[in-house]
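Please read the paragraphs below with the sequence and the model side by side. They go from one side chain to the chain as a whole and then to its parts.

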Amino acid sequence: MKLSIITATYNSGRTIKDTMNSVLSQSYTDYEHIIIDGGSTDDTLDIIRELEPEYKGKLIYVSGPDHGIYDAMNKGLALASGDVVGVLNSDDFFADRNVLSTIVNNIDRVDAVYGDLDFVDCKDSKKIVRLWRGSQFEPGAFMKGWHPAHPTFYARKECYDQFGGFDITYDVSADFELMLRFLEKGKITSRYVAETFVKMRTGGESTGSILRIIKGNKNAIRAFRKNGFKVPCFYIFRRLLPKALSMLKFKLRLTSA
């Protein structure tokens, strides 16, 4: 089973080497890494070219103007030849060398798998600042404020062929809309794996500021309407409360350690 890993980059020179090395270190090797660069002006492309020989033909990269991160992801989807597709952001990296093996071992009878995610400090990637712990999807879960961590979400290519890619009219939370469309509307089958797949640096596209978080929640409401679902009462509260409780529990655990 071949996996396609899509990474969108733009002036990612500070972090892209960690991202690429985490792919290169995987114990499962039947993959392609597709990097879509938005025309970086720093050393991003130099780093990609430096590491390209280590991929031994399994790296695809292109560089040029795009219409944002989700447009770049769609360009990656168009190039993907794998049976299963996932996204690894340019400031994220796999939690260990067995993540791809875990994905392959768990997607045998389902359409998608997803796992857990650790938020790490943007300057010290060994310092965990928050945990995202998932659970098994049940119909209606999105309406209760639940959704998978998108950087851990791997779905069969045929799901994208059937239900489409990322809606680029969303500059934030197009990943939420896609997973809502796949899981709630499309009713694809899925499996939650209680293992950390990805380490995510704080300060990224969806976590970078309060304004973007607010916009992300507004776009989530828009996503419900687009897909024919009634917006749940107190949805934003339901969405934010579990995240706030998770942060509080993690901080309490740190102070008591």
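Does W132 count as buried or exposed? W132 counts as buried, at 18% relative accessibility, where buried means under 20% relative accessible area, exposed over 50% and partly exposed in between, with a 1.4 Å probe and protein chains only. The model is predicted, so local features need pLDDT of at least 70 and side-chain atom pairs count only at pLDDT 80 or more, while totals for chains, interfaces and linings use all residues. Residues are numbered from 1 along each chain as its sequence is written, and side-chain values use heavy atoms, with hydrogens and water left out.

The chain has 257 residues, of which 51% count as buried. Contact here means heavy atoms within 4.5 Å. Of the contacts in the chain with a separation of 6 or more, 80% are between residues 24 or more positions apart.

Next comes the interior. A nonpolar core is a set of buried Ala, Val, Leu, Ile, Met, Phe, Trp, Tyr and Cys residues joined through side-chain atoms within 4.5 Å. The largest such core has 38 residues, and F142, F153, F166, F176 and F182 touch the most other members. Among the elements that give two or more residues to this core are β1 (3–9), β2 (31–37), α3 (69–79) and α7 (210–226). The most comes from α6, which gives 7 residues. Apart from this core lies another, of 33 residues, with M20, Y55, L59 and W132 among them.

F182 is in helix α6 and is buried, with a relative accessible area of 0%. Leaving aside neighbours within four places in sequence, F182 is in contact with F153, A155, C159, Y160, F163, G164, K187 and I188. One of these, Y160, is 22 residues away along the chain, and its C-alpha atom is 8.6 Å from that of F182. F153, with the neighbours within four places again left out, has contacts that include V85, Y114, L178 and I188.

Helix α1 covers residues 16–24, and I16, T19, M20, S22 and V23 in this helix are buried. These residues lie on the same side of α1, because they cover an arc of only 160° around the axis, the arc being that of the directions from the helix axis to the C-beta atoms. An α-helix has 3.6 residues a turn, so residues three or four places apart point the same way. The buried residues of α1 pack against β1, β2, α2 (44–55), β3 (59–63) and β5 (92–94).

The aromatic rings come last. Rings of Phe, Tyr and Trp (its six-membered ring) pair if their centres lie within 6.5 Å, and planes under 30 degrees apart count as stacked, over 60 as edge-to-face and the rest as tilted. The count is 11 aromatic pairs. F119 and W132 form a stacked pair, with 6.5 Å centre to centre and 20° between the planes. F119 lies in strand β6 and W132 in strand β7, so the pair ties together parts that are 13 residues apart in sequence. R130 lies over the face of F119, at 4.0 Å from the ring centre; for this, NZ of Lys or CZ of Arg must be within 6 Å of the ring centre and within 35 degrees of the ring normal.

How values were computed:
Helices (H or I, at least four residues) and strands (E, at least two) are DSSP runs, numbered from the N terminus.
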